[in-house]
Amino acid sequence: MGFADDHLIPLVDEGLGNSAYLVDLGDRRALAVDASRDLRALRTAAARRGLSVAYAADTHLHADFLTSALQLAADDGATVLASAAGHRAFPHTALTDGDETDLGGLTLRALATPGHTDEHLSFLLLDGTHELGVFTGGSLIVGSAARTDLLGADRADELARAQYHSLRRLTQLPDTTAVWPTHGAGSFCSAPPGAERTTTIGAQKQANALLAAPDEDRPSAPPRPSPTSSPAPSPTATAASRS
């Protein structure tokens, strides 16, 4: 059994097409990542394990749902973790690239991954120096990447270029690193193919056409075939994810 099997609880909202995550940190404490305003599924999962949310992390300012970070802070005393560049008008621990949060045995490292939004962070979960997985929000998702046009058409090209470099950065993680995105099939913020919602860095190197782009100005080549990887995006899906 791996870490995810024992400690990670994905909370899929089929209506929104998004996933939140609850991480059992031990000692009856939990980390919540990108939890939406409707906390019923999270509360049920936490109650089953007798957990209280000690940390609530948001990867980015969300266009498609309200964050529950403030509610978790009020109800559970959770420490809210979010990007300093987001200038949120409520109490939170403002993080910049490379900042680390000691979760009590595990470490959460902020990685600046702009593109989907300007202030986007991914969160790398570490056990010592071992990379357990990365919460990628709206950066690298299964078979694609999330939209870069949410701040307007005049910013879309700039943010698409930023997204390209963010994807490249994430692929520098070990191939075995788990990838836990927020956006998935059916999400307003993305247009990925298939039904898979989690993956690994290695699997995406094989199957994600966006990662095969030779540079930020040229379209991606077809991904290398892999019998275990998810289907590659169609050209329409790839264009939609970058529009």
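Analyst: Ala112 has Leu121 of β9 as its bridge partner. That bridge is one of 6 between β8 and β9, which pair in the antiparallel sense. Keep in mind that this is a predicted model.

On its other pairing, β8 meets strand β7 (residues 100-102), again antiparallel, over 3 bridges. Thr101 sits opposite Leu108 of β8 there. The two strands make a hairpin with 4 residues between them, and Gly104 in that turn has a positive phi of about 90°.

The largest nonpolar core has 23 residues, and Leu108 is among the four that touch the most other members, along with Leu31, Leu125 and Phe135. Two or more residues each come from β2, β3, β4, β8 (107-112), β9 (121-127), β10 and β13. As a rule, nonpolar side chains in soluble globular proteins tend to be buried together. Leu31 shows who meets whom: beyond its neighbours within four places in sequence, its contacts include Leu108, Phe135, Leu103 and Tyr21, as well as Tyr55 and Ala57. A separate core of 19 residues lies apart from this one, with Leu22, Ala32, Val53 and Ala56 among its members.

Now for the aromatic side of things. The whole structure has 2 aromatic pairs. Phe135 and Trp180 have ring centres 4.8 Å apart and planes at 45°, so the pair counts as tilted. Phe135 belongs to strand β10 (residues 130-137) and Trp180 to strand β13 (residues 178-181), so this pair ties together parts 45 residues apart in sequence.

Val134 stands opposite Val179 of β13. In a regular strand, side chains alternate between the two faces of the sheet. You can see that in β13, where Ala178 and Trp180 point one way, Val179 and Pro181 point the other way, and all of them are buried. β13 is joined to strand β14 (residues 199-200) too, by 2 bridges and in the antiparallel sense. Ala178 is the residue opposite Thr200 of β14.

There's a helix to fit in as well, α4 (residues 153-170). With 18 residues at 1.5 Å each, α4 should span 26 Å, and its end C-alpha atoms are 25 Å apart, which agrees. Its buried residues are Ala156, Leu159, Ala160, Gln163, Tyr164, Ser166, Leu167 and Leu170. An α-helix has 3.6 residues a turn, so residues three or four places apart point the same way.

An open sheet of 6 strands runs in the order β1-β2-β3-β4-β5-β6, with mixed pairing. β1 (8-13) and β6 (93-95) are at the edges with a single partner strand each, so one side of each has no neighbour in the sheet. On average, neighbouring strands here are turned by 25° against each other, direction ignored. Helix α2 (residues 40-49) lies across β1, β2, β3 and β4, at about 155° to β1, while helix α3 (residues 69-76) lies across β3, β4 and β5, at about 150° to β4.

Notes:
Residues are numbered from 1 along each chain as its sequence is written. This is a predicted model: local features need pLDDT of at least 70, side-chain atom pairs count only at pLDDT 80 or more; totals for chains, interfaces and linings use all residues. Side-chain values use heavy atoms; hydrogens and water are left out. Two strands pair if DSSP finds at least two bridges between them. Axes are lines fitted to C-alpha atoms, for helices over the stretch in contact, and angles run from 0 to 180 degrees between N-to-C directions. Contact means heavy atoms within 4.5 Å. Rings of Phe, Tyr and Trp (its six-membered ring) pair if their centres lie within 6.5 Å; planes under 30 degrees apart count as stacked, over 60 as edge-to-face and the rest as tilted. The expected span of a helix is 1.5 Å times one less than its number of residues. Buried means under 20% relative accessible area, exposed over 50%, partly exposed in between (1.4 Å probe, protein chains only). A nonpolar core is a set of buried Ala, Val, Leu, Ile, Met, Phe, Trp, Tyr and Cys residues joined through side-chain atoms within 4.5 Å.
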